[in-house]
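Here is a short briefing to read alongside the model. Take a look at the structure first, and then we can walk through it together.

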Amino acid sequence: MFFSTVNPETVVLCPGTSFSLLVTFRPLQRCEYKDSIQFQAKEGSFQVCLHAVLPRHALKVPETVMLPLCAVQHSTQTSLPLKNVSKVLLSFKWYCAAPFQLIPEQGLLKPGQECLIAVDFQPLEAQVFQQEAHCRFGEDGDKADRCCTVLLQGIAKYPYLQLRNPSKKERNSHGDPELHFGSVPVGQSLSTHFEIFNPSPVNVSFSLSRLSGGTDMFGSDFSWDVTSGKMTPGGSQQVLVTYSPAVVDVVSVEYLSLSYRGALSKTQIKLTGKCTGPKVCLSSSVVDFRCVEERGSAVKTVELLNSSPVQAIYQWNIDCRNSVFSVLPACGTVLPHGNIKVKVLYRPKHPMTHHRRVACLILHREPLFLDLIGTCHSECQQPAILKPEHLAVYKHQWCRLQNSPDSVCDLQRDQNTLLNQQEELNSASVISVTPMEKFNKISMDPLSFPSLPFVTIEPSELLFNHKTTSPSSTLSAVSQCVSITNHAKGKLSLIWTVIQDSPFYVAPSSFELAPLKSTTVRVTYEPKQVNTLHGGELECFAYYKDDPDTGKLPCQPWCATVRVIGHSFQPDKEHFTPSCILKPHQVVLPALSGISCQTVLLQNDGDHPLTFCLNHRPDNALPKSVHILPACGLIQPGNHQIITIRAVPTEDSHKQLFNLPLQLNAAKFTKELTVVSVFEKPRVSFENGSRLYFHPTAVGSKTQRTHSIRNLSCVPVKFQWSISETEQTLIFVKPDAGKLHPNESS
């Protein structure tokens, strides 16, 4: 019934002829079929056997597959060939358990087709793995009736990476390695490298990143060129680390953590570096010109000495063209371990004593202060000569008046705490730039008025945006008023320094002011030339008209100043395009509880004068605790201006960020200055929590445990362990005290 032919008939075969009989095979099941056909002839009968076999699915696979050596929690791959050696379409499906995985798990193969099966080995433990993978194949993967087996073998090892400091010849196996950059000048960078070494017999994939949980408010002073990679057995890779400090005298600490799967312990390296800045001092803190005749002049020299390997950029905070005192050169640089001589000129205009404390601004440093004193005599007036010892006596008397109930004025009593605090910081007595009714709310700043607070001027900065109505119109004068207040109980005489050919002048230039009274003077800007920029500092000296009844307090003048800038550009005339550099453009004030100070440099690289002015925008107002000095000024071509930012962070201002635009040349040109002010309390953390467990210890022996403490704040922290007297015989800690820099662990 499975084999069939045509209807039987008699066939006559002549000699040499043949006959073909068509046999049809119709199978019903997948099995082997056998039958026969019997032929009858005159001579007898004979049979022809019939045998039919259906096509079968056949798959060729290797018996064993060995995976490469693999690290724990990593993966290795290899492939195995899979070939359809049958003549029919074949479907296959793999069955395999972890840690092995075969890809693809299922598929179709045409007759004679071969494919590669990827074998992935992902061990979670270090041991020898041996496991069978089963492959079912046939017409349909779900109904496949045939199966083959492949033995998969793999060995897993624990990974291990080492961090090495190549500069250390003797490698200590205890503790984490350290990379010390030493002292690096501010604004410069230093690069060095360390090695990542793989002593294990397996490939290891790693990532290199900052240790989490540290102080990351302002980013890191360290940068590195490798963040991830793959290490071959016995291989090594160098990591280049660059240290670019920005804040002077700050010790930077960073930990780089080497992370890789399957590690049995933590691997990290400690990076440390200290930022150094210029160290400048004056050869003398006082320049005494003694007595100089009216309209005469005198010259003295002072040395600026730089004992640091860092170049010092300086600027004297005085307008030499509008003062009786001049310091030349007014700005410049002092080479590392070098010195420079500056000339100090005294050119008095009136018979009186003169005293002015001039600040020498140092980029990245607190300012230095130089007391300039001189006495001017004329034929008719010969006041007593002011001497350096009078300054010391005056400071002493001032401190006594601060604590006396019968002080010169109520202001002195109010400023007792502020003055003492400021003298501890910079040993300078200063007055404030704010109105006196607000004086108690802020600290005095020596850069605003380097004198004692008997006379205040409000406002201390004036901006004149002079504009003519038409190109042919004549320039006219523009005036503004300032208020002067006498806080002393004696009558004061005030004299403004008058400079010929200056576009700015004050009227009246001299007058008397009664005790505890205020008056106004008019400051006029009268440019002689159109389409230009002007700026300067107007100087005023105040002294007692009659000696007050204040004991033997020497009669010393006080100096107050007003900064002025202006322009005379016509409406249709374009202002000078500024060419300047502001560096750094971002200032981070240290997280201190007291006054903090930072400086930036505004360099005029153009061929025209440059004016700048702090633009107080309503959407980003500067808080009262932050002061920018000076807030305006004029910079000649090729010169620079050192701008000082001072702040007293408060507890309610955890982090304050201000974008301060500096308006340039009284036009739409701006430079953006970002200021970050922070108040932060000391914060530490313990690596293993606040509890430490000791194993049972026999009497007379001891057990040791390590416990790590980390400084999470932005300020250095001093710590000391305190143990009760009853437990001091049982427990002791080494070290029991120390100091941790920001982000540092011990």
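**Core, chain and one serine**

The largest nonpolar core in this predicted model has 31 residues, and those with the most contacts inside it are Phe 289, Leu 304, Tyr 314, Trp 316 and Phe 325. Such a core is a set of buried Ala, Val, Leu, Ile, Met, Phe, Trp, Tyr and Cys residues joined through side-chain atoms within 4.5 Å, where buried means under 20% relative accessible area with a 1.4 Å probe, protein chains only.

**Strands behind the core**
- At least two core residues come from each of several strands, among them strand 25 (286-293), strand 26 (298-306) and strand 28.
- Strand 32 gives the most to this core, with four residues.

**The chain overall**
- The chain holds three helices and 54 strands, taken as DSSP runs (helices H or I, at least four residues; strands E, at least two) and numbered from the N terminus.
- Of the 746 residues in the chain, 45% are buried.

**Ser 326**
- Ser 326 lies in strand 28 (residues 325-328) and counts as buried because its relative accessibility is 2%.
- Its side chain makes a polar contact of 2.7 Å with the side chain of Arg 347 (N or O atoms within 3.5 Å; within protein, one must be able to donate a hydrogen and the other to accept it, and residues adjacent in sequence count only if both atoms are side-chain atoms).
- The side chain of Ser 326 also reaches the backbone oxygen of Cys 320 at 3.1 Å.

**Reading notes**
- Residues are numbered from 1 along each chain as its sequence is written, and side-chain values use heavy atoms, with hydrogens and water left out.
- Local features need pLDDT of at least 70 and side-chain atom pairs count only at pLDDT 80 or more, while totals for chains, interfaces and linings use all residues.

How values were computed. Buried means under 20% relative accessible area, exposed over 50%, partly exposed in between (1.4 Å probe, protein chains only).
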